[in-house]
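Q: I would like to go through this structure and check each label against its criterion. Shall we begin with the sheet?

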Amino acid sequence: MVDVRGLRRRYEGSGRSRTGHGFEAVRGVDIRVRRGELYALLGTNGAGKTSTVETVEGLAAPSGGTVRVLGRDPFRDRDAVRPRIGIMLQEAGFPGALTVAEMAALWHRTLPSPRSVAEVLDLVVLGHRRDVAIASLSGGERRRLDLALALMGRPDVLFLDEPTTGLDPQSRRATWELIGTLLRERTTVLLTTHYLEEAEALADRIAIMHAGVIAREGTLAEIVSRQPTRITFAVDAAEAADSLEAVRRMAGAGFSAERQDGRHHVRLETFDPQPLLRLLLDWAGDRLLLRELRVTPGSLEQAFLDVAAQPPVSASQGWAA
Ligand SMILES: Nc1ncnc2c1ncn2[C@@H]1O[C@H](COP(=O)(O)OP(=O)(O)OP(=O)(O)O)[C@@H](O)[C@H]1O
């Protein structure tokens, strides 16, 4: 349904360019989304998510690579692709003087075989607000109106750009349920979000973008399984003296420690925590107190933080000569 290969996007003459020759915000991205799948694109601020998704939506031409949506080029074949996709942008820019129902009716007239105004407003729980002027809606209600309009055309592919930003927890859950219903009806969804739990709750596959490239990709289980378990603790420097060397030997490359406030703060990373924990506890025995001992399994959050901590070396390569 969505097939992106080697996508590049460069902003020419950008104020960010050191050379005056442009800035490459997307630097070779591959994305494939099958029918009925939800693909979540996560990333650090400025990673290039919006720059990527805009090309997939057909709103901008790529500088390199190919983009296919429903087998067609969404930029060149816009007239064919547009009626079959739904787009929920970050900022909708509705005319504030119109009521919710008037806006929905206006949108309804532009679509070939739309859901009714009443149906979509009910789906996003805005039926009771139909006669309220858009200017009087809360931020969360506007997001829901935007979602209603994106759904109205019964899209085969739905693009959701941070759909639950600004929603209260109850509305967020309701939106997740609605997205779940659409997925069961075999709608394909490309979602960008800053909420990791949103990706965890909804996504079949997840990509984490950083500095214009996809740094991690896979199912939640795949991404998490590539993250080591972390064992952290602190020991009094005086008590541990030289014996930390033994812990270093146990943990090998996964060992790191720093001395602060008279304590060694130790971090061990391992894909096989049980034997290492046994060794560690034997080593400490009764003589050493492992303070703040914590065992943290791999998680999406940890994967994200690891990606975000990567030095911006690769980002600097985004400056196009
Ligand atoms: N029109 C533009 N001209 C020049 N540079 C741009 C333009 N739009 C975006 N950029 C730059 O491209 C990079 C990627 O921006 P983009 O908005 O795609 O990131 P993002 O991942 O969506 O970020 P966020 O999570 O903060 O919304 C950023 O460094 C941004 O400053």
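Q: In what order do the strands of the open sheet of six strands run?
A: The order is 5-6-7-3-8-9, and the pairing is mixed. The model is a predicted one.

Q: What makes strand 5 and strand 9 the edge strands?
A: Each of them pairs on one side only. A pairing needs at least two bridges. From one strand to the next, the twist averages 15°.

Q: How do you know that strand 8 and strand 9 pair?
A: Five bridges link strand 8 (residues 205–210) with strand 9, in the antiparallel sense. The criterion asks for at least two. Met-209 stands opposite Ile-214 of strand 9.

Q: What packs on the sheet, touching strand 3, strand 8 and strand 9?
A: Helix 12 (residues 300–308) does. Its direction makes about 25° with that of strand 8.

Q: What makes strand 3 and strand 7 a pair, and in which sense do they run?
A: They are joined by four bridges and run parallel. The criterion is at least two. Ala-40 is opposite Leu-191 of strand 7.

Q: Why is strand 7 called largely enclosed?
A: Five of its five residues (188–192) are buried, so the rest of the structure largely encloses strand 7. Buried here requires 20 or more other C-beta atoms within 10 Å.

Q: Which residues of strand 7 are on one side, and which on the other?
A: Thr-188, Leu-190 and Thr-192 are on one side. Val-189 and Leu-191 are on the other. All are buried, and both faces are covered. In a regular strand, side chains alternate between the two faces of the sheet.

Q: Why does the length of helix 5 agree with its residue count?
A: At 1.5 Å a residue, the 14 residues of helix 5 (139–152) should span 20 Å. The end C-alpha atoms are 20 Å apart, so the two values agree.

Q: Why is helix 5 called largely enclosed?
A: Because 11 of its 14 residues are buried. Among them are Glu-141, Arg-143, Arg-144 and Asp-146, along with Leu-145, Leu-147 and Met-152.

Q: What covers the buried residues of helix 5?
A: The cover includes strand 5 (85–88), helix 3 (100–108), helix 4 (117–123), strand 6 (157–161) and helix 6 (169–184). Helix 5 lies across strand 5 and strand 6, and runs at about 170° to strand 5.

Q: Which residue with a positive phi follows helix 5?
A: Arg-154. Its phi is near 50°.

Q: Why does Leu-126 count as buried?
A: Leu-126 has 21 C-beta neighbours inside 10 Å. The cut-off is 20 or more, so Leu-126 counts as buried. Leu-126 is found in the loop between helix 4 and helix 5.

Q: Which residues is Leu-126 in contact with, leaving aside its neighbours within four places in sequence?
A: Val-100, Leu-121, Glu-141, Arg-144, Leu-145 and Ala-148. Contact here requires C-beta atoms within 7 Å.

Q: How many residues separate Leu-126 and Gly-285 in sequence, and how far apart are they in space?
A: They are 159 residues apart in sequence. Their C-alpha atoms are 62 Å apart.

Q: What makes strand 2 mostly covered?
A: Eight of its 11 residues are buried. Strand 2 also runs antiparallel to strand 1 (residues 2–11), joined by eight bridges. In that pairing, Arg-10 has Glu-24 of strand 2 as its bridge partner.

Q: Which of the 13 residues around the ligand come nearest?
A: Tyr-11, Ala-25, Lys-49, Thr-50 and Ser-51. Strand 2 (23–33) and helix 1 (49–56) are the elements that give two or more residues to the shell. Helix 1 has the largest share, three residues.

Q: What share of the protein counts as buried?
A: Of its 321 residues, 36% do. The secondary structure comes to 13 helices and 13 strands.

Conventions
Residues numbered from 1 in each chain as written. Predicted model: local features only at pLDDT ≥ 70, side-chain atom pairs only at ≥ 80, totals over all residues. Near = placed C-beta within 6 Å. Expected span 1.5 Å × (residues − 1). Buried ≥ 20, exposed ≤ 12 C-beta atoms within 10 Å, placed from the backbone. Contact = placed C-beta atoms within 7 Å. Axes fitted to C-alpha atoms, helices over the stretch in contact; angles between N-to-C directions.
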